[in-house]
Amino acid sequence: MWCEPHTYQALEIDKILRILAAGCRSPLGQETLHKLTPAGDGTALARRVGRFRAYLQARDRQGEYPWDGRLRPLSPLAEEARRAGWLTGEELVTVRIALLLAKRLRQRLRTDGETWPELKDLARTFHDWDEEVAALEVLDEDGRFYDHASPELKRIRQKQFTVRDAIKRRSQQLFQDSGTASMLQERVLSLRNGRFCVLVRMDAAGGYPGLVLEKSSSGNSIYVEPQILLPLNNQWAVLLEEEREEESRLLRALTGLILKREKALLDTEESLGLLDLYYALGERMDRDRWTLPEWTPKKTLDFRQARHPLLGDRAVPLDLLCGEGYRMLVITGPNTGGKTVALKTLGVCAYLAWMGFPVPCREDSRVGEVGELFADIGDEQSIEQNLSTFSAHVHHLVAILKSATERSLVLLDELGAGTDPDEGSALGIALLEHFRKLGCLLWATTHHNPIKHFALATSGVETASMEFDLSTLSPTYRLRLGIPGKSNALLIARKLGMPGGVLRRAREAMEGQHADFEALLGELEEKRRRLEREMETLEAKTREAERLRRDFETRNKEIQEKKDKLLEQADHKASRIIREAEEGAKALLRNLREAELAKAHQEYQRKKHHFDRLEDRREEREVRRVNRLAAEGSTGEPQVGDRVEIPGSGLRGDLVALEGGDALVQSGPMRVRVPLKRLKRSADQQRNDPPPRIQVSAPRGVSSSLMVRGMTVDEAMPLVEQYLDQAYRAGYGEVSVIHGRGEGILRREVQELCKRTPFVESHRLGGPGEGGYGVTIVRFAS
């Protein structure tokens, strides 16, 4: 997407980029941000967003990427090296810091690239700097060469040590000489201008044997090079010069080594800046709830609950849509009602999205194909060019007309303003018609009724208004689609104290059709408000009805389960009575005399027939009950592998085998045999029902935290559910679930699970030192 320079200024993009740049940890990230331009096409944009998403996921799973707060820009150093031929030791240490960091980042990115291929290309921009880093290790942190930097430097410094030791021994003789020691201000050897000397009292300066170097800062003494130290000082001066020459040679050699790979060095600087920018954008997403909109190849924009970055917490979220159902939107409403803010918010969101950056909007937002971005916003009057406001707008509109294409997004503020209303309205309608035929996306604001008429009557053009609260005579800054808004100029004037006579004369001066149209808009606005109130009431009643329906179904199910349980208990009791009666009858028969056996047998058969009929009726009730429950929650006869349940018992399990009319059901650690006709297929075939409550010992080795950072929702949630159950049974009062920051999807799923888990009392995000947004702290019910 190309953004016209005039549009860049009108949308105040530079201010927004400065807000983002403040989150960078070094000038490299800030420089990268300001050099970056919107992606050229959808492929490039998808590549940018994909790499940034991969960075966020790798950061959440593997931790923050390495960084060094001492990092400084490298391009000025490269330029200085070309100009002067060498860099100082301190400057070479700055280069070494960057190369060492690049080496660590290269290793990390190559490892992460195995999981996130989008990071492989970024890893390649961090070249191999092993040779250069090894060469620069001859410098300490202050930029001074170690003795082993070269054999010659080592020889010189060893000689310096010998000479300095000799000077110290000779100076001790001076301090012990009774003839001259009394002339000294203090018995300390000093180094001035590269030569060792002593501090002599001013009154004794003429009598002390040696060469005067300079006066002390107090003026009460002078620095004198003793005659006895002159030969050693000369040797010391020669060695210092040799050291400087050798260090200069080493600095030139190291600088030349770096300059040989200047392009690779600048590539490394650019990649370091990009990672710093990624860090700033990731922090912005976590702190201010910015999101990455999804890319769509359609020519459409859909930013949900968008907020203007410069307004901060004062911004009213707006749903900004264009491209589906209509390609042009005309916004009306009172001055200071938020029309221009809505226009700018759309432009800013489109620009940030095409930069591949997160946008201050909701997660379900989308950005589509936009080739160019044009905006004509604000007062463009120029005294230097002797242009009026209207002339300046026309001048810019002509430039837009020449450059706009069907892929453009055009934002026009106060269309038709600045001139005669009739002529301005006609020009505004003509512009809208031109852009409509061109097929581009367009948002415009206006106060002119003819333009409102055009928007209402033209296909592909939608109207909207900025809501105005008539009760308080103040704007609410909410965007309402479908109905144009009134300017409410007279109402606002009345609120600000305009005399009533002036207002009456103004109403009389309004043309009839304009007055009628304003009245129509007022009537439509009132109907819209009434419909919204009715919709709110209807939605509230619908929610209440849905709640009552759920309560009824829950209570009905509870009653039915109680009924089934009572019938089952009664049937079990009846079966037991029948069995006991049969056993008693058989015992009675065995004890009867032979003569009475036939009569007793007849009585037994009669009673047995009665008991059989009772048992048949019980079995019929059982079959009806099972069939009813099966019809409610399953279809077809259970098969091996199905998730099944025994109606009324609360027992669920997997059907593992069929043996005749019986079924073997595996429920947790238990395997039970159940008549097949008593089973029904469970409505939940995904085996996530809670197992039967069986008293078991608390699990051993359960950690106080669970790490699922970097996993998908499908991978993580079964582990989190199992872990919470184990941790609760292990006796923990509070545990941590580490899900990372990312885009917040996994965090929300974990917290939703906590809400519906009965033994979880509360949950919260981690505080300082606990992991922040990347951790959820779960507290169990006691």
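Which residues in α3 meet residues in α11? The legends below start with the overall model and then come to that answer.

**Figure 1. An overview of the predicted protein.** This is a predicted model, in which local features need pLDDT of at least 70 and side-chain atom pairs count only at pLDDT 80 or more, while totals for chains, interfaces and linings use all residues. Residues are numbered from 1 along each chain as its sequence is written, and side-chain values use heavy atoms, with hydrogens and water left out. The protein has 21 helices and 24 strands; helices (H or I, at least four residues) and strands (E, at least two) are DSSP runs, numbered from the N terminus. Buried residues make up 43% of the 782 residues, where buried means under 20% relative accessible area, exposed means over 50% and partly exposed lies in between (1.4 Å probe, protein chains only). The accessible surface comes to about 42,100 Å², and 51% of that surface belongs to carbon and sulfur atoms. These areas come from the Shrake-Rupley method with a 1.4 Å probe, and for residues only the protein chains shown count as cover. Of the contacts with a separation of 6 or more, 68% are between residues 24 or more positions apart; a contact means heavy atoms within 4.5 Å.

**Figure 2. Helices α3 and α11 crossing.** Here is the answer to the opening question: Leu28, Gly29, Thr32 and Leu33 in α3 meet Glu269, Glu270, Leu272, Gly273, Leu274, Asp276 and Leu277 in α11. Two packed helices are described by the angle between their axes and the distance between the axes. For α3 (residues 27-35) and α11, the axes come within 7 Å and cross at roughly 90°. Axes are lines fitted to C-alpha atoms, for helices over the stretch in contact, and angles run from 0 to 180 degrees between N-to-C directions. The two helices α3 and α11 are therefore roughly perpendicular to each other, a label used for angles of 65 to 115 degrees (under 35 is roughly parallel, over 145 roughly antiparallel, and the rest oblique).

**Figure 3. Cys24, in the loop between α2 and α3.** Cys24 counts as buried, at 10% relative accessibility. Leaving aside neighbours within four places in sequence, Cys24 is in contact with Gly29, Gln30, Asp276, Leu277 and Ala280. Cys24 and Leu277 are 253 residues apart along the chain, yet their C-alpha atoms are separated by 5.9 Å. Cys3 is also buried, with a relative accessible area of 12%, and so is Cys754, at 3%. The count of disulfides comes to zero, taking a disulfide as a pair of cysteine sulfur atoms within 2.5 Å.

**Figure 4. The largest nonpolar core.** A nonpolar core is a set of buried Ala, Val, Leu, Ile, Met, Phe, Trp, Tyr and Cys residues joined through side-chain atoms within 4.5 Å. Of the 103 residues in the largest core, Tyr55, Phe145, Phe303, Phe357, Leu409, Leu411 and Trp443 touch the most other members. Helix α11 (residues 262-288) contributes the largest share of this core, eleven residues. A second, separate core of 21 residues includes Ile167, Phe175, Leu184 and Tyr208. Beyond four places in sequence, the contacts of Leu411 are Leu11, Leu343, Leu346, Gly347, Leu373, Phe374, Ala375, Asp376 and Trp443.

**Figure 5. Val330 in strand β9 (residues 328-332).** At 2% relative accessibility, Val330 counts as buried. Val330 and Leu432 are 102 residues apart in sequence and 9.4 Å apart in space, C-alpha to C-alpha.

**Figure 6. Pro450 in helix α15 (residues 449-457).** Pro450 counts as partly exposed, at 28% relative accessibility. Apart from residues up to four places away in sequence, Pro450 touches Ser425 and Ile429.

**Figure 7. Glu12 and Arg289, each with a positive phi.** Glu12 has a phi of about 55° although it is not a glycine, and its place is in the loop between α1 (5-10) and α2 (13-21). Arg289, also not a glycine, has a phi of about 65°. The loop between α11 and β6 (294-295) holds Arg289, which counts as exposed at 59% relative accessibility.
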